[in-house]
Amino acid sequence: MKSKHKIIFSDSRKLTDVKKHSVDLVVTSPPYPMIEMWDDLFTQLNPDIGAELSMNNGKAAFELMHKELDKVWKELDRVVKPSGFVCINIGDATRTIGKQFQLYSNHSRITTQLSSLSFRPMPLILWRKATNAPNKFMGSGMLPAGAYVTLEHEYILIFRKGDKREFSTPTDKETRNKSALFWEERNIWFSDTWNLAGVRQSMSNKKLRDRNAAYPFDLPYRLINMYAVKGDTVLDPFIGTGTTLFAAIASGRNSIGIEYDKNFSDLIEEGLISVKALSNETVRKRIKDHSEFVETYRQKKGDLKYLNESHNFPVVTRQEKLLQLDIVKDIDFKNLSNISVEYNQLSRDQIERNNQWTQTSNKQQKTLYTQGKLLP
Ligand SMILES: C[S@@+](CC[C@H](N)C(=O)[O-])C[C@H]1O[C@@H](n2cnc3c(N)ncnc32)[C@H](O)[C@@H]1O
C-alpha cells in the first residue's frame with residue numbers, strides 16, 4: 001500500500017490547485033476570529049478588519065473576519081465529493097473591546113455558513129481543555145452578577161455534504177472493512193466529549209511560536225479514521241505545523257495541506273523526519289490498548305466472539321474481522337509538494353512480539369525497543 005501527500009504554500013481562499021469533487025474529508029482548524037493572536041493575519045487578509053478593531057467595533061470586525069473564512073468554506077463546497085465530510089476545530093472567543101466584554105460565537109457563525117452551502121450539520125464534539133490556571137475566572141469573583149463562566153472547551157464541528165456515502169463495489173466494501181476501528185475505540189471516539197491534552201508550545205522559532213496553534217495529533221488521527229477510508233484524500237486548508245498531514249500518513253490516507261505562511265515549511269519537514277516513528281508508535285499503542293481491553297473483557301464477560309483475520313486478534317464484533325493495521329515502511333520526499341509513503345501490513349509475528357511487550361516491565365521494553373525487537 002502507498003499514499004501520496006502534498007503541501008501547497010498558497011491562500012486557501014482560492015483552492016486553485018485542488019480539483020472539483022476530489023476530496024473525501026476535510027480536517028482543519030482555521031485562525032480563530034476575535035482571538036488576538038490572529039488579528040494581524042486577518043488584517044493582512046482584509047485591512048478593514050484592523051480599522052474596525054481600532055475603532056472598537058467588535059461586532060463589525062467579527063463579521064469581516066468570518067467573511068474571509070466564508071471564502072474558504074465556499075471553496076470546500078466545490079472540492080469536497082458528494083457524501084464527503086468536513087470537520088472543523090474552532091473555539092469561541094471572549095474579549096473586551098472598548099469597554100464591552102462579550103462572547104464571540106465562532107462555532108455558531110461557522111455552522112450557519114456551512115449549513116447555507118451544501119453541508120448538513122451532524123452531531124458535534126466538545127473538546128474539553130480544562131485549565132487549572134489560578135486566574136481562570138473572570139469578572140466580579142464571588143459577587144453576583146458580574147462574573148463570567150470560563151471557556152474550557154473548543155468545538156469539533158462535523159458536516160456531511162448531502163447523503164450517506166455508499167460502498168457498493170466489492171473493492172469499496174473490502175477497503176471499508178479494512179479501515180474499521182476497534183469496538184472499544186468506537187465507544188470513545190464517537191462520544192460527544194473528548195478529553196485530549198492540548199499541545200505544548202515548545203517551538204524554537206519565536207515568530208512561529210506566536211503564530212502556532214497546533215492541535216494534538218490524536219484529534220485529526222481520530223477524525224480521519226472515523227470519516228475516511230484508506231486511500232481517501234484528506235484536505236487541510238490551514239495546515240500550519242502539519243499535524244493533519246502526519247495523521248493522514250499514520251492512517252494510510254492521501255492528503256493535501258495548504259498554508260499561507262511559507263515559514264512553516266522547515267517545521268513540517270522536521271515533523272516528516274519523525275513521522276515514521278510517530279505512526280508506528282500510534283499503531284503499537286492501539287494494539288497494546290486492544291490487548292489490555294481483551295484481557296479485561298475476558299475477565300468480566302468471557303471470550304470475545306470473533307477473530308480478526310488479518311492479525312489474529314480476538315475482537316468483539318463481526319465488523320472488526322477484516323480490520324487491518326499498516327505500518328510505515330518508507331517515506332520519500334524531495335520537496336513538500338511530493339511526499340510518498342510506503343506501508344507494510346503488520347505481521348502476526350510483530351503482533352506476537354508486541355503482545356509480549358505488553359507483559360514486560362518498562363525497563364525491558366526500553367531494551368527491546370533499542371534492540372529493534374519492537375515495531376519499527
Ligand atoms: C489554527 S492554525 C492551524 C494549526 C494546525 N491545525 C496545526 O496543527 O498546526 C491556522 C493556520 O492557518 C494559516 N492560514 C490562515 N489564513 C490562511 C489562508 N487564507 N490560506 C492558507 N493558510 C492560512 C495560518 O498561517 C495558520 O498556520
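Modeller: Ala-145 is placed in the loop between β7 (138-139) and β8 (147-148). Strands here are DSSP runs of E with at least two residues, helices are runs of H or I with at least four, and both are numbered from the N terminus. The peptide bond that leads from Pro-144 into Ala-145 is cis, with omega near 0°. Most peptide bonds are trans, and most residues other than glycine have a negative phi.

The model is predicted, and local features are given where pLDDT is at least 70, side-chain atom pairs count only at pLDDT 80 or more, and totals for chains, interfaces and linings use all residues. Residues are numbered from 1 along each chain as its sequence is written.

Two other loops hold residues with a positive phi. His-21, in the loop between β1 and β2, has a phi near 50° although the residue is not glycine. His-21 counts as exposed because it has 12 C-beta neighbours inside 10 Å; the limits are 12 or fewer other C-beta atoms within 10 Å for exposed, 20 or more for buried, and partly exposed in between, with C-beta atoms placed from the backbone. Asn-312 lies in the loop between β13 (306-307) and β14 (314-315), and its phi is near 75°. With 11 C-beta neighbours inside 10 Å, Asn-312 is therefore exposed as well. Gly-98 also takes a positive phi, near 65°, in the hairpin of β4 and β5, where two residues separate the strands. Strands are called paired when DSSP finds at least two bridges between them.

Ten strands make up an open sheet of mixed pairing, in the order β10-β6-β9-β3-β2-β11-β12-β1-β16-β15. From one strand to the next the twist averages 20°; axes are lines fitted to C-alpha atoms (for helices, over the stretch in contact), and angles run from 0 to 180 degrees between N-to-C directions. Within the sheet, β2 (residues 23-28) and β3 (residues 80-90) are parallel partners over five bridges, and Val-27 is opposite Cys-87 of β3. Helix α8 (residues 218-227) packs on the sheet, touching β2, β3 and β11 (233-236), with its direction at about 155° to that of β2. Touching is meant as contact, with C-beta atoms placed from the backbone and lying within 7 Å. Helix α10 (residues 265-301) lies across β1 (2-9), β15 and β16 (339-345), and runs at about 165° to β15.

Strand β9 contains Tyr-155. Tyr-155 is partly exposed, because 19 other C-beta atoms lie within 10 Å. Leaving out residues up to four places away in sequence, Tyr-155 touches Ile-90, His-107, Leu-124, Leu-126 and Trp-127. Trp-127 is 28 residues from Tyr-155 in sequence, yet their C-alpha atoms are 5.7 Å apart.

Helix α4 (residues 106-116) has Asn-106, Ile-110 and Leu-114 buried. These three lie on the same side of α4, because they cover an arc of only 55° around the axis; the arc is that of the directions from the helix axis to the C-beta atoms. The face turned away from this buried side carries the exposed Thr-112, Ser-115 and Ser-116. The cover over the buried residues includes α3, β3, β4 (93-97), β5 (100-104), β6 (119-128) and β9 (153-161).

The largest nonpolar core has 71 residues, and those with the most contacts inside it are Leu-25, Val-26, Met-65, Val-86, Cys-87, Ile-224 and Ile-249. Such a core is a set of buried Ala, Val, Leu, Ile, Met, Phe, Trp, Tyr and Cys residues joined through C-beta atoms within 7 Å. Helix α3 (residues 58-79) gives the largest share of this core, eight residues. Val-26 touches Leu-76, Val-80, Val-86, Cys-87 and Leu-235, again not counting residues up to four places away in sequence.

For the chain overall, the secondary structure comes to 12 helices and 16 strands, and 34% of the 376 residues count as buried.

How values were computed:
Two residues are in contact if their C-beta atoms, placed from the backbone, lie within 7 Å.
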